[in-house]
Amino acid sequence: MPECQNCEAFVTDQYVRVFAPTGMESVRVCPNCPGKVREGADVRDARSPRH
């Protein structure tokens with residue numbers, strides 16, 4: 001089962017297919033990761049707090 005590389009939360013195969021870069025079997029950050037955002041090919045801290 002795929003897991004988020006950041007928080008180790010479960011993610012679905014479909015989520016990985018849509019959001020993971022080509023060739024990766026897991027995502028680098030998921031919706032459960034507080035304060036993280038995807039920016040192009042990078043993952044960075046959010047500039048404003050996420051609640």
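Author: What follows starts with the model itself, then turns to the cysteines, the core and an aromatic pair.

This is a predicted model, where local features need pLDDT of at least 70, side-chain atom pairs count only at pLDDT 80 or more, and totals for chains, interfaces and linings use all residues. Residues are numbered from 1 along each chain as its sequence is written, and side-chain values use heavy atoms, with hydrogens and water left out.

Confidence comes as pLDDT, the predictor's score for each residue from 0 to 100. The protein chain has a mean pLDDT of 82. In that chain, 88% of residues reach 70 or more. Helices (H or I, at least four residues) and strands (E, at least two) are DSSP runs, numbered from the N terminus. Confidence is highest in helix 1, at a mean of 91, and lowest in strand 1, at 71.

Now the cysteines. A disulfide is a covalent bond between the sulfur atoms of two cysteines. Here a disulfide is called when a pair of cysteine sulfur atoms lies within 2.5 Å. By this rule the count is zero. Cys30 is in no disulfide; its nearest cysteine sulfur belongs to Cys7, 3.7 Å away. Cys33 is in none either, and the nearest cysteine sulfur to it, that of Cys4, is 3.5 Å away.

Burial has its own cut-offs: buried is under 20% relative accessible area, exposed is over 50%, and partly exposed is in between (1.4 Å probe, protein chains only). Cys30 is buried, at 5%. Cys33 is buried too, at 6%.

Both belong to the largest nonpolar core, which has ten residues. Such a core is a set of buried Ala, Val, Leu, Ile, Met, Phe, Trp, Tyr and Cys residues joined through side-chain atoms within 4.5 Å. Its other members include Cys4, Val11, Tyr15 and Val27. Contact means heavy atoms within 4.5 Å. Setting aside neighbours within four places in sequence, Cys4 contacts Ala9, Val11, Val27, Arg28, Val29, Cys30 and Cys33.

Tyr15 leads on to the aromatic pair. Rings of Phe, Tyr and Trp (its six-membered ring) pair if their centres lie within 6.5 Å; planes under 30 degrees apart are stacked, over 60 edge-to-face, and the rest tilted. The whole structure holds one such pair. Tyr15 and Phe19 form it, tilted, at 4.5 Å centre to centre with 40° between the planes. They sit four residues apart in helix 1 (residues 13-19), so about one helical turn separates them. Tyr15 is buried, at 16%, whereas Phe19 is partly exposed, at 41%.
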